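Here is a short note for a colleague who is opening this structure. Please read the points with the model in view.

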Amino acid sequence: METVETVVHAGNYAFFFSNSGAVAVCLLVAAGVCIALSANILRHEKASFESKKTP
């Protein structure tokens, strides 16, 4: 069982190192999507809060 996990880890490392550019791009895209969603949610919360504040 240990050897199977070791082979899987080695395969993962080989994949990441051979495709480090693609992995970096994917991480950057994921981070950008998260930031965009967070900004959108914050903007929406702020707008709804301000509309509640003013009668």
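**Notes on the predicted model**

1. Start with Thr3. Thr3 is exposed, at a relative accessible area of 57%. Exposed means over 50% relative accessible area, buried means under 20%, and partly exposed lies in between (1.4 Å probe, protein chains only). Thr3 sits in helix 1, which covers residues 2-18.

2. A word on the basis. This is a predicted model, in which local features need pLDDT of at least 70 and side-chain atom pairs count only at pLDDT 80 or more, while totals for chains, interfaces and linings use all residues. Residues are numbered from 1 along each chain as its sequence is written, and side-chain values use heavy atoms, with hydrogens and water left out.

3. Now the overall build. The protein has two helices and zero strands. Both terms refer to DSSP runs, numbered from the N terminus: helices are H or I with at least four residues, strands are E with at least two. The protein is more spread out than a compact globule, because its radius of gyration is 21 Å, well over the 10 Å that the globule rule gives for 55 residues. That radius is taken over C-alpha atoms, and the rule is 2.2 Å times the number of residues to the power 0.38. Along the principal axes, the C-alpha atoms fill a box of roughly 65 × 25 × 5 Å.

4. How much of the protein is buried? Buried residues make up 2% of the 55 residues. The accessible surface comes to about 5000 Å², and 73% of that belongs to carbon and sulfur atoms. Accessible areas come from the Shrake-Rupley method with a 1.4 Å probe; for residues, only the protein chains shown count as cover.

5. Back to helix 1. Glu5 also has its place in helix 1. Glu5 counts as partly exposed, at 42% relative accessibility.

6. Next, helix 2. Ile35 belongs to helix 2, residues 20-53. Ile35 counts as exposed, because its relative accessibility is 60%. The C-alpha atoms of Ile35 and Ala47 are separated by 18 Å, and the residues are twelve apart along the chain.

7. Val25, Val29, Val33, Leu37 and Ile41 make a nonpolar surface patch of about 450 Å². Patches take residues with over 30% relative accessible area and no salt bridge; like charges are joined within 9 Å, and nonpolar side chains (Val, Leu, Ile, Met, Phe, Trp, Tyr) within 5 Å. A salt bridge is a side-chain nitrogen of Lys or Arg within 4 Å of a carboxyl oxygen of Asp or Glu. Leu37 lies in helix 2.

8. How many disulfides are there? The count is zero, where a disulfide is a pair of cysteine sulfur atoms within 2.5 Å. Cys26 is in no disulfide, and its nearest cysteine sulfur, that of Cys34, is 13 Å away. Cys34 is likewise in no disulfide. Cys26 counts as exposed at 53% relative accessibility, and Cys34 counts as partly exposed at 49%.

9. Last, the place of Cys34. Cys34 lies in helix 2. Cys34 and Phe16 are 22 Å apart in space, C-alpha to C-alpha, and 18 residues apart in sequence.
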